[in-house]
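Trainee: Could you show me how to read helix packing and pockets in a model like this one?

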Amino acid sequence: MIFIKLIWESLRFAGQALKSNLTRTILSLLGVTVGIFAIIAVFTLVDSLEKNIKSSFSFLGSNVITVNRFQFVGGPDYPWWKFFRRPYNTYSEYTFLRDKLRNAESTCFFADANTILQQGSNSYKGVNLTGVTYSYQDVYDIPLEAGRYFTETEANSARNVTLIGKKIANTLFPGKDPLGKEVKIKGNKFTVIGVFEEEGEGLFEISSKDEAAMIPYGAFTKMYYVGKNGIEPSIAVKGKDEDIGMVALENELIGLLRAKRGLKPSQEDNFSLNKAEYIMNAIGSVFDVIGAAGWVIGGFSILVGGFGIANIMFVSVKERTMIIGIQKSLGAKNYFILFQFLFEAIFLSLIGGLTGIILVFGITFINLGSLELALSVKNIVLGLGISSVIGIVSGIVPASLAAWMDPVEAIRAT
């Protein structure tokens, strides 16, 4: 009951403080509002960027290692000339790894090319055409809106069948069902057997499945030369869930590839094993800098806001000195007075923080193209938590002065 009474009294006095001098209170809370807005806005931006980046690089797969000549991530000393001289992956290396790997869930082989799809008088340029082995579906997620994936027979016999993206389907077959219909790729007829789910535009303008087409690897090699002086293929290996960090798979891959390519112990690897995590870690350092900047910018504003709340509380203590004396003379304990003013400071700070969070929520409705801002529950709790701490720090000294007042001196005050 005492706790409930304290909260009620604090709410009532906080309301009176707001009403008695609204302009002064608003200006004092403005620092907290701006500070919380700056910090939570930056964290919301960082979280949204991270989510969009992960979505943009979802094509790299989860728990997947890709074998390439080049590394995904490089610095100022990136030795591209060394990677450029490395040998291309071969189909025989793929079959060797497929048969020998024991720590892999599945292995696939694929190659990409940029092409044009045609259907009658309609055409779609800039299509990312991928030729894949049948096991591609076991390594990467292939969400389909309609139709089906290749059968093993279609993949192994290099049938002219294809999966196409939503944009391609809408362009080549406006208002029609594309399934079972034919499109031309480099003059060859392919039957559409599936349509990818719509993805939308990625943050970094990376081609999405909406502008992609997929065909069996054998059909791809009929139209394109894959290998040295041609299109570079990739080998992708999906790790097992129990292999945390894919450490066992990575070590096994290195050993098998070195053996297959006849590398001596003194020779360095002539291949790169790439993970999606490498890109995420590189971008993570940028997020850290942005987050630190948010703390610095918001910190100064919150510091000013904290002084503003402290000022309000000192004024409030002075204005209610006689009331404090009466309360203490009637038996109010020191902790009752202390918590009364401390809760009032917290509530005032929460008002400023909540206003800042509402402003952040407002900017999430701004159209930023492919970047979708979303205010998470975690950031809301963080904002309210910081506001509470600012209220405690700003109110503890005025509340302590009020709690230790001499009741007789306080009643005499005018």
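Mentor: Gladly! A crossing counts as left-handed if the near helix is turned anticlockwise from the far one by less than a right angle, and as right-handed if clockwise. Helices (H or I, at least four residues) and strands (E, at least two) are DSSP runs numbered from the N terminus. The model is predicted, so local features need pLDDT of at least 70 and side-chain atom pairs pLDDT 80 or more, while totals for chains, interfaces and linings use all residues. Numbering starts from 1 along each chain as its sequence is written, and side-chain values use heavy atoms, without hydrogens or water.

Trainee: How do H4 and H9 pack?

Mentor: In general, the angle between the axes and the distance between them describe two packed helices. Here, H4 (91–100) and H9 (residues 247–260) pack at about 135°, with axes 11 Å apart (lines fitted to C-alpha atoms over the stretch in contact; angles run from 0 to 180 degrees between N-to-C directions). That makes H4 oblique to H9, the class left after under 35 degrees (roughly parallel), over 145 (roughly antiparallel) and 65 to 115 (roughly perpendicular). H4 passes H9 in a right-handed crossing.

Trainee: Which residues make the contact of H4 with H9?

Mentor: On H4, Ser92, Glu93, Phe96, Leu97 and Lys100; on H9, Glu252, Leu253, Leu256, Leu257 and Lys260 (heavy atoms within 4.5 Å). Five are nonpolar, one polar and four charged (nonpolar: Ala, Val, Leu, Ile, Met, Phe, Trp, Tyr, Cys, Pro; charged: Asp, Glu, Lys, Arg; polar: the others, Gly among them).

Trainee: Which residues lie nearest the centre of the second largest pocket?

Mentor: Tyr94, Arg98, Thr133, Tyr134 and Asn156, among 14 lining residues. H4, strand S2 (104–119), H6 (152–156) and H8 (217–223) each supply at least two of the lining. By class, the lining has six nonpolar, six polar and two charged residues. A pocket is an open set of points on a 1 Å grid over the protein atoms alone, where a 1.4 Å probe fits, with protein on both sides within 12 Å along at least five of seven lines; lining residues have an atom within 4 Å of a point.
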